[in-house]
Number of protein chains: 2
Amino acid sequence: MDNLRDYFRDFNQLPAFGKLVELATRPLDLRAVGVIDPERISRYRCRGGGLELCYFGQRVDEPVLTALAELAEQSRALEQFALMRRGAVLNRIEGFAAENRQVLHCSSRDIAAASPAEPAATARTKAELVKLGQFLSDLEVGRLTGPGGKPFTTMVQVGIGGSDLGPRALYLALEAYAKPGRRVRFISNVDPDDAAAVLRGLDLSRTLINVVSKSGTTLETLANEEMVRKTYAGAGLDPKDFFVAVTGEGSPMDNPERYLRSFYMFDYIGGRYSATSMVGLVMLGFALGYRQVEEILAGAFAMDEAAMNPDIRQNPALLAALLGIWNHNFLGAETVAVLPYSQALVRFAAHLQQLDMESNGKGISRLGASLAWQSGPVVWGEPGTNGQHAFYQLLHQGTTVVPVEFIGFRASQYGEDCEIEGTTAQEKLLANLLAQSLALAVGQDDPNPNRRFPGNRPNSVLLADRLTPTSMGALLALYEAKVAFQGFIWNINSFDQEGVQLGKRLANGLLDHFASRRQGREPPADPLGRALLNLL
Amino acid sequence: MDNLRDYFRDFNQLPAFGKLVELATRPLDLRAVGVIDPERISRYRCRGGGLELCYFGQRVDEPVLTALAELAEQSRALEQFALMRRGAVLNRIEGFAAENRQVLHCSSRDIAAASPAEPAATARTKAELVKLGQFLSDLEVGRLTGPGGKPFTTMVQVGIGGSDLGPRALYLALEAYAKPGRRVRFISNVDPDDAAAVLRGLDLSRTLINVVSKSGTTLETLANEEMVRKTYAGAGLDPKDFFVAVTGEGSPMDNPERYLRSFYMFDYIGGRYSATSMVGLVMLGFALGYRQVEEILAGAFAMDEAAMNPDIRQNPALLAALLGIWNHNFLGAETVAVLPYSQALVRFAAHLQQLDMESNGKGISRLGASLAWQSGPVVWGEPGTNGQHAFYQLLHQGTTVVPVEFIGFRASQYGEDCEIEGTTAQEKLLANLLAQSLALAVGQDDPNPNRRFPGNRPNSVLLADRLTPTSMGALLALYEAKVAFQGFIWNINSFDQEGVQLGKRLANGLLDHFASRRQGREPPADPLGRALLNLL
């Protein structure tokens with residue numbers, strides 16, 4: 001494989017960087033009469049992988065799009081994406097101790113590919129899918145049941161971070177397609193009230209517990225697993241008849257004496273990229289069935305393929321990455337709001353917070369130097385139309401410009417609707433989505449200063465026909481690819497998370513205080529820790 | 001009452017403004033050895049209204065605190081807060097058409113006051129509380145039941161914005177205290193899948209529907225109410241036996257032929273400030289009982305009183321407001337993260353997004369001039385420790401500085417816990433909370449650049465003994481007062497929301513397209529609208 005060092009080019013040294021700085025001194029004025037016209041609306045659409053990115057509301061014109069395409073090319077972003085799929089060790093920092101791992105989340109959906117980019121990894125995926133199929137069929141035919149042959153109706157996923165946010169976002173997005181009588185709950189927080197609240201009102205004898213931790217040593221997950229095991233034991237049930245595990249092969253959790261089944265995750269798939277591995281699929285298979293799992297993977301695979309397209313106008317993931325960089329690095333926006341007009345995507349922004357901010361919230365380049373440019377933005381968001389009645393005031397008239405990524409679907413999931421004042425609820429939803437996009441871009445003048453809208457608030461609308469397993473897979477993969485592209489262009493390592501270590505170390509120090517107090521031994525000689533505990 | 005114009009002083013004209021600009025050129029370096037010491041930790045605590053704000057992790061020293069106190073005094077923030085409670089018409093813009101309303105959310109908890117600040121408003125609150133007490137007692141003793149005398153077990157709150165976010169955040173925060181056999185669900189989004197998903201699996205015959213809309217004309221709420229009524233009718237149940245209303249007196253929803261009971265809300269309480277009015281209390285009374293409602297009000301009242309304290313070191317709401325302004329306007333942070341170490345506060349940040357961003361996301365002063373300074377920040381957040389496994393990477397090492405407001409409780413709600421590796425889950429939770437606060441402030445040096453933490457990331461920790469109805473009332477009121485104080489200091493109107501109007505108007509235009517298509521009539525002569533609809 002090529003020398004990766006050749007791909008690690010500093011963002012501000014790329015020729016397109018200077019060009020974009022120059023273009024950003026006079027960005028397109030979306031308020032000007034005739035700028036947003038029917039032709040722009042119909043032409044500024046980018047289709048790929050089953051989704052469509054409408055970007056008439058971005059402050060870009062042909063020269064900016066050309067410069068962004070050059071930025072993509074000069075940063076060799078697409079080549080790096082292809083290298084990533086083939087198993088290059090892209091999780092690294094040149095010259096310094098680092099994780100030095102491959103980045104192979106795409107391998108988990110290459111099962112449909114005629115020739116997978118990294119055949120060994122895809123073979124491992126297939127082996128896990130066979131185990132999953134067997135598990136689901138055992139549940140289906142009653143080979144695997146609760147006491148007295150009662151079928152399992154509930155699965156509780158115990159995990160945190162990537163073992164919680166992505167899977168939870170997917171489950172809520174697709175709950176409309178759940179098999180009758182199947183449901184999923186989640187326990188993540190080390191806050192003991194999380195487990196206590198979830199366990200209340202469950203029929204434990206019909207509930208499977210799916211414990212998910214790659215290392216098998218995640219503090220929160222161990223604590224919650226123990227709480228749940230204690231609850232089972234307290235109810236006279238043997239935990240080992242109810243627990244399954246998703247973990248790394250050979251981890252402390254890879255133990256048939258404690259788990260009915262173990263599914264494997266691999267160290268070349270980072271937690272935040274793991275929703276389409278067993279981390280998400282065991283639970284989704286339980287809830288939705290195996291065929292829907294295949295559809296999620298097919299949707300994600302289609303987007304991975306679309307992300308290889310060198311034409312930025314036909315590659316929505318790459319275009320979304322470049323538009324984000326334009327808004328963030330050149331127009332100076334510090335955050336980005338992801339606003340799905342779909343209640344089922346209620347936790348999608350929470351997943352994106354991890355995916356994006358843990359990947360790209362970095363301070364050094366892949367060459368180990370402090371960044372002289374902004375890396376990842378703050379990502380946040382809530383579903384519309386709810387948000388319209390909450391924070392849109394600031395989006396429209398605040399002193400901060402927040403670029404918006406709207407997401408919408410032409411049809412609803414349940415298809416239950418009714419007409420009021422001449423339109424359906426789904427039509428009201430879509431009318432509001434498009435109206436907000438337009439309003440943010442064009443603004444409004446008024447003699448009353450309180451009714452003035454400055455406009456030029458950049459936004460795009462990502463559209464699909466309906467939120468289904470397939471389109472959800474594509475949506476997930478689009479954002480994964482977007483984040484990877486941005487990391488390649490910023491020349492940062494989007495695949496490690498050293499920034500979580502300091503807090504862990506300090507927390508362990510404070511836990512030593514708690515433990516010593518509990519055991520009646522001398523507290524550690526650490527006056528700062530003692531002062532902090534005195535606050536409690 | 002005094003001439004309000006005298007209170008509307010421009011932020012950048014206050015003498016303390018220049019002083020703070022100067023101080024911000026060399027803010028306290030929290031990384032320096034000995035700056036954060038046990039004495040600072042124990043001294044930088046501000047108690048009031050039952051809560052405690054620990055601010056050793058903020059980049060403030062005595063000169064900055066003095067200048068902030070001057071800023072508070074020069075802006076007459078406390079006087080305006082007192083005027084607000086007494087009923088001054090503070091929802092206004094001088095010289096321009098505006099709402100011109102009083103701002104009396106505090107009146108809803110002045111019921112415990114010896115002499116309420118605005119007796120007429122508090123008398124109205126008391127009348128509604130009497131109606132609520134009667135309603136709850138009718139449910140309790142079985143005077144009000146479903147068909148066949150079955151008790152109601154579920155209430156569905158149908159509302160959006162302030163009729164959803166604050167009430168929902170409170171319900172989830174206090175669900176641990178729910179009466180046995182009582183639960184609440186929420187429908188808010190005009191997305192028809194929201195209602196469809198919630199209605200699935202409800203026993204309608206045991207479910208009350210609480211429709212909440214001040215005007216009685218909110219688009220989303222009307223659409224959802226209609227969906228729900230249709231579902232009742234489809235199940236052979238007469239909707240009027242199941243529906244109650246919270247609305248303005250005389251609104252289209254104030255109609256005994258369609259609702260079992262109507263509770264009133266008043267136009268001097270804005271939606272985002274209405275959680276302690278009937279908007280939140282009918283539902284909370286159903287779930288928790290009347291006594292818990294009184295405790296919420298008592299907690300909020302205690303904080304309203306504490307917010308009158310002229311000493312910023314004994315007024316946590318005012319101090320939080322000033323620290324926010326220091327970070328935002330003088331140290332240049334564009335966002336603020338609210339990170340509760342409590343799973344029950346999972347939707348508190350969503351409430352704060354409305355409360356803060358709709359109040360203070362403004363572009364003009366109360367004198368009608370464009371602002372020459374930043375108004376409200378972007379507010380976002382998720383519970384810890386979950387967030388540690390998601391976006392904390394960016395908080396610690398990203399290129400953007402995000403001030404953090406941590407929230408924690410010394411004890412858990414359920415009290416169910418177990419010891420692992422020498423400590424309980426609650427102790428792990430608290431150790432992580434304090435460790436994160438310290439880590440963000442002090443950072444870390446390391447020969448490996450990827451293990452360096454820049455530190456100086458400002459944060460504070462708001463503590464209470466336990467999340468109860470009382471402390472939740474205080475927490476809610478603290479943020480309401482904080483937001484109002486910041487608005488007074490920025491000289492903006494924190495009580496209107498003109499910024500939502502443009503989107504509404506444009507949405508109505510697009511709805512006309514949908515309606516014409518549905519009715520087979522000529523579409524409106526609006527090429528832009530047509531082009532937008534063609535995207536679908």
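The following dialogue explains how to read several features of this predicted model.

Q: What conventions apply to the numbering and the values?

A: Residues are numbered from 1 along each chain as its sequence is written, and chains are lettered from A in the order in which they are written. In this predicted model local features need pLDDT of at least 70, side-chain atom pairs count only at pLDDT 80 or more, totals for chains, interfaces and linings use all residues, and side-chain values use heavy atoms, without hydrogens and water.

Q: Which rotation superposes chain A on chain B?

A: Two copies of a chain are related by a rotation about an axis and a shift along it. Here, with least-squares superposition on the C-alpha atoms of residues with pLDDT of at least 70 in both copies, the rotation is 180 degrees with 0.0 Å of shift along its axis (RMSD 0.0 Å). The two copies are therefore related as by a two-fold rotation axis. In chain A, the C-alpha nearest this axis belongs to A:Trp380, at 3.3 Å.

Q: How many disulfides are there over all chains?

A: A disulfide is a pair of cysteine sulfur atoms within 2.5 Å. The search of the whole structure finds 0. For B:Cys46, the closest cysteine sulfur, in B:Cys54, is 9.5 Å away, too far for a bond.

Q: Is helix α4 of chain B enclosed or exposed?

A: Helices are DSSP runs (H or I, at least four residues), numbered from the N terminus; buried means under 20% relative accessible area, with a 1.4 Å probe and protein chains only. In α4 (residues 77-86) of chain B, 7 of the 10 residues are buried, so the helix is largely enclosed by the rest of the structure. Among them are B:Phe81 and B:Arg85. After α4(B) comes B:Gly87, with a positive phi near 105 degrees.

Key
Buried means under 20% relative accessible area, exposed over 50%, partly exposed in between (1.4 Å probe, protein chains only). Helices (H or I, at least four residues) and strands (E, at least two) are DSSP runs, numbered from the N terminus.
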